[in-house]
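This briefing sets out selected features of the structure shown below. The points are grouped by topic for reference beside the sequence and the model.

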Amino acid sequence: MFSVLLWWRAGLIAGSACSLVIWVVALFTVHASWPMWFVLAELGLGGAKWQIASARPREAAARAKAVGRLMLLSIAWALLLGTGIALSIAMGGAELATLAVGVGAGSIGVATFRNAPTPRNARAIILCVVVPPAISGYFFSNGALSLLWVCLVPWCASLFLMVRQNFEVIRQASVTRLELHRLARTDALTGVENRLAFEEYFRESMEGRLGATLLYLDLDEFKQVNDRHGHEAGDALLVDVAHRIRAAVRSCDRVFRLGGDEFAVILDDMNPREVEARVLAMIAQIAQPSTVSPGVTIRVGASVGGAMLDNREPAEAVLRAADAALYQAKALGRGRYVSAATAA
């Protein structure tokens, strides 16, 4: 179980190796052909699980399909193990039965640990391994092995409890990880996404999206607001501006604060005329008076530069084009929108 923490494939190797120990010992101690078939089945299942687990496809649909196949193969492996232990108890001596039960108990511990993220699958594996030996132990074993049947209820209960606890730990860790991921990509002041989120999303957008538009937005003469009214008033204004930008775009669009009074917006799948109309409406909304504190009302403008995302162009070229369009908008008198296409 500890080895699984160090290497994710260790569980696959450990499960098949433990089962093969039982089948190989049975092959030399039981005068029957079933151990050979179990060896072949174990090798086949182990190879299939290894191949699927090693593929690790990138697409979400392919990953989900691979996980489903692994679950089915895990249940098949558990049923094979449980049946083999039952046959070892029924047809082998006390030594083979003891070995099979001990190795099976260890294997099911590793399987339970590995399948904790899917508790239903883990419970199915436990039952597939435990039920056949329970029936065989009740009818065929004697002496100390007869205690196996008596101990199965608390044993299964403890395994089920471990699955539940492990799943809860994993769920809480996943929630925490997602929350930390969100906080690391959220601007603490305005609540919109920050520069880190912008860089990640922009690179993703450049890989396969056409028709999106990158906007750089800068507030006009924002420094004077801080100088005249203080940084608290400036912060309140930034929060209000971020809300207005968010209200001016659609739910599918993304708004980012890059730092200071600089914002970025990525509009998804809009033609140039639609982009211009929406940006002009955004500039008009930002220009409306903003009450930053009792008795203090501020008006600022915004200059915007835009560039179309094109995966045939380097990402840096699109960023430079939007930045150049923004500076041209400022040079032309501020409070306006310039597209890189028209600027060129």
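**Structural briefing**

Helix H11 supplies the largest share of the lining of the second largest pocket, namely 4 residues. The model is a predicted one. The points below begin with that pocket and then turn to the nonpolar cores, the strands, the aromatic pairs and individual backbone positions.

**The second largest pocket**

- The second largest pocket holds about 310 Å³ of space.
- Its lining consists of 19 residues, and those nearest the centre of the pocket are Gly 306, Met 308, Ser 339, Ala 340 and Ala 341.
- Two or more lining residues come from each of helix H11 (272-286), strand E6 (301-308), helix H12 (315-331), strand E7 (337-339) and helix H13 (340-343).
- By residue class, the lining of the second largest pocket comprises 11 nonpolar, 4 polar and 4 charged residues.

**Nonpolar cores**

- In soluble globular proteins, nonpolar side chains tend to be buried together.
- The largest nonpolar core contains 31 residues, and Ile 22, Trp 23, Leu 81 and Ile 108 have the most contacts inside it.
- At least two residues of this core are supplied by each of helix H2 (10-29), helix H3 (34-55), helix H4 (60-91), helix H5 (94-114), helix H6 (119-140) and helix H7 (147-184).
- Helix H4 gives the most to this core, with 8 residues.

**Gly 82 in helix H4**

- Gly 82 is located in helix H4.
- Gly 82 counts as buried because its relative accessibility is 0%, the cut-off for buried being under 20%.
- The C-alpha atoms of Gly 82 and Pro 132 are separated by 5.5 Å, although the two residues are 50 residues apart along the chain.

**Strand E3 and its partners**

- Strand E3 (residues 262-267) has 5 of its 6 residues buried and is therefore largely enclosed by the rest of the structure.
- Strand E1 (residues 213-220) pairs with E3 in the antiparallel sense over 6 bridges.
- Within E3, Ala 264 is the bridge partner of Tyr 216.
- Strand E2 (residues 254-259) also runs antiparallel to E3, and 5 bridges join them.
- Within E3, Glu 262 is the bridge partner of Gly 259.
- The hairpin of E2 and E3 has 2 residues between the strands, and Gly 260 in this hairpin takes a positive phi near 60 degrees.

**Aromatic pairs**

- The whole structure contains 7 aromatic pairs.
- One of these joins Trp 23 and Trp 34 in an edge-to-face arrangement, with 6.5 Å from centre to centre and 75 degrees between the planes.
- Because Trp 23 lies in helix H2 and Trp 34 in helix H3, this pair ties together parts that are 11 residues apart in sequence.
- Trp 23 has 0% relative accessibility and so counts as buried.
- Trp 34 also counts as buried, at 10% relative accessibility.
- The ring centres of Phe 198 and Tyr 216 are 6.5 Å apart and their planes stand at 50 degrees, so this pair is tilted.
- Phe 198 belongs to helix H8 (residues 195-208) and Tyr 216 to strand E1, so the pair ties together parts that are 18 residues apart in sequence.
- Phe 198 and Tyr 216 are both buried.
- One aromatic cluster is formed by Phe 198, Tyr 201, Phe 202, Tyr 216 and Phe 256.

- Most residues other than glycine have a negative phi.
- Glu 221, which is not a glycine, has a positive phi of about 55 degrees.
- Glu 221 is found in the loop between E1 and helix H9 (222-229).
- With a relative accessibility of 47%, Glu 221 counts as partly exposed.
- Asp 269, another residue other than glycine, has a positive phi near 55 degrees.
- Asp 269 is placed in the loop between E3 and H11.
- Asp 269 counts as exposed because its relative accessibility is 58%, the cut-off for exposed being over 50%.

Terms used: Residues are numbered from 1 along each chain as its sequence is written. This is a predicted model: local features need pLDDT of at least 70, side-chain atom pairs count only at pLDDT 80 or more; totals for chains, interfaces and linings use all residues. Side-chain values use heavy atoms; hydrogens and water are left out. Buried means under 20% relative accessible area, exposed over 50%, partly exposed in between (1.4 Å probe, protein chains only). Two strands pair if DSSP finds at least two bridges between them. A nonpolar core is a set of buried Ala, Val, Leu, Ile, Met, Phe, Trp, Tyr and Cys residues joined through side-chain atoms within 4.5 Å. On a 1 Å grid over the protein atoms alone, a cavity is a set of points where a 1.4 Å probe fits but cannot get out, and a pocket is an open set with protein on both sides within 12 Å along at least five of seven lines; lining residues have an atom within 4 Å of a point. Grid points are joined across faces, edges and corners, and a volume is the space filled by probe spheres set on the points. Ala, Val, Leu, Ile, Met, Phe, Trp, Tyr, Cys and Pro count as nonpolar, Asp, Glu, Lys and Arg as charged, and the others, Gly among them, as polar. Rings of Phe, Tyr and Trp (its six-membered ring) pair if their centres lie within 6.5 Å; planes under 30 degrees apart count as stacked, over 60 as edge-to-face and the rest as tilted.
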